[in-house]
Amino acid sequence: MELKLELGYEQIWELVKQLPPVQQVQLKNDIEQISKKNTLNDWQKLLLNGPVMSDESFEEVKKTRKQLNKRWKMN
């Protein structure tokens with residue numbers, strides 16, 4: 001059996017204000033944990049969906065780095 005309850009923000013806020021202070025703090029901590037998890041997921045999505053260097057570009061970077069290292073050692 002499933003029960004769905006639709007509450008608006010104001011109704012939820014009134015219920016939260018009725019909680020004892022200890023439970024209010026716990027609720028605050030739980031909400032912060034949810035927020036941190038969502039932020040981490042967004043960060044992971046950005047990293048996974050961001051631009052990717054092609055193999056050709058990577059080889060060019062390695063070649064350039066090698067040339068710069070040679071020149072740096074000569075001076």
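With which residue does Glu-32 form a salt bridge, and how far apart are the closest N and O atoms?

A: The partner of Glu-32 is Lys-28, and the closest N and O atoms of the pair are 3.0 Å apart. The model is a predicted one, and the distances and areas below are computed from it.

Both residues belong to helix α2, which covers residues 21-49. Glu-32 and Lys-28 are four residues apart there, about one turn of the helix. A salt bridge here requires a side-chain nitrogen of Lys or Arg within 4 Å of a carboxyl oxygen of Asp or Glu, and the 3.0 Å between Glu-32 and Lys-28 is the value to set against that cut-off.

As for cover, buried means under 20% relative accessible area and exposed means over 50%, with partly exposed in between. Glu-32 has 35% relative accessibility, so it counts as partly exposed. Lys-28 has 49%, and therefore it is also classed as partly exposed.

The count of salt bridges in the model comes to three. Lys-17 is partly exposed, because its relative accessible area is 43%. Glu-14, at 38%, is partly exposed as well.

The remaining bridge joins Lys-62 to Glu-59, and here the closest N and O atoms are 3.5 Å apart. Both residues lie in helix α3, residues 55-74, and they are three residues apart, again about one turn of the helix. Lys-62 has 37% relative accessibility and so counts as partly exposed. Glu-59 falls into the partly exposed class too, because its value is 43%.

The setting of these pairs is a chain with three helices and zero strands. Read along the sequence, the pattern is α-α-α. The C-alpha trace spans about 75 × 30 × 20 Å along its principal axes. The radius of gyration is 26 Å, whereas a compact globule of 75 residues would have one near 11 Å. Buried residues make up 3% of the 75 residues. The accessible surface comes to about 8000 Å², and carbon and sulfur atoms account for 59% of that area.

Charge can also be viewed over the whole chain. There are 13 positive and 11 negative side chains, and the centres of the two sets lie 16 Å apart.

Separations between the helices can be read from individual residues. Leu-40 is, like Glu-32, a residue of helix α2, and at 47% relative accessible area Leu-40 is partly exposed. Glu-60 lies in helix α3 and is partly exposed as well, with a relative accessible area of 45%. Leu-40 and Glu-60 are 20 residues apart along the chain, and their C-alpha atoms are separated by 33 Å.

Between α2 and α3 there is a loop, and Pro-51 lies in it. Pro-51 has a relative accessible area of 87%, so it is classed as exposed. From Pro-51 to Ile-34 the sequence separation is 17 residues, and the distance from C-alpha to C-alpha is 28 Å.

Leu-5, Leu-7, Ile-12 and Leu-15 form a nonpolar patch on the surface, and together they have about 380 Å² of accessible area. Leu-5 is found in the segment before α1, the helix that runs over residues 9-18. Patch members need over 30% relative accessible area; Leu-5 has 67% and therefore counts as exposed.

To return to the part asked about, Glu-32 and Lys-28 are joined by a salt bridge of 3.0 Å about one turn apart in helix α2. Glu-32 is partly exposed, and so is Lys-28.

Conventions:
Residues numbered from 1 in each chain as written. Predicted model: local features only at pLDDT ≥ 70, side-chain atom pairs only at ≥ 80, totals over all residues. Heavy atoms only, no water. Patch = residues over 30% accessible without salt bridge, like charges linked within 9 Å, V, L, I, M, F, W, Y side chains within 5 Å. Areas by Shrake-Rupley, 256 points an atom, 1.4 Å probe, with all protein chains shown as cover. Helix = DSSP H or I, 4+ residues; strand = E, 2+ residues; numbered from the N terminus. Buried < 20%, exposed > 50% of the residue type's maximum accessible area, 1.4 Å probe, protein only. Rg over C-alpha atoms; globule rule 2.2 N^0.38 Å. Lys, Arg positive; Asp, Glu negative; His and termini not counted. Charge placed at Lys NZ, Arg CZ, Asp CG, Glu CD.
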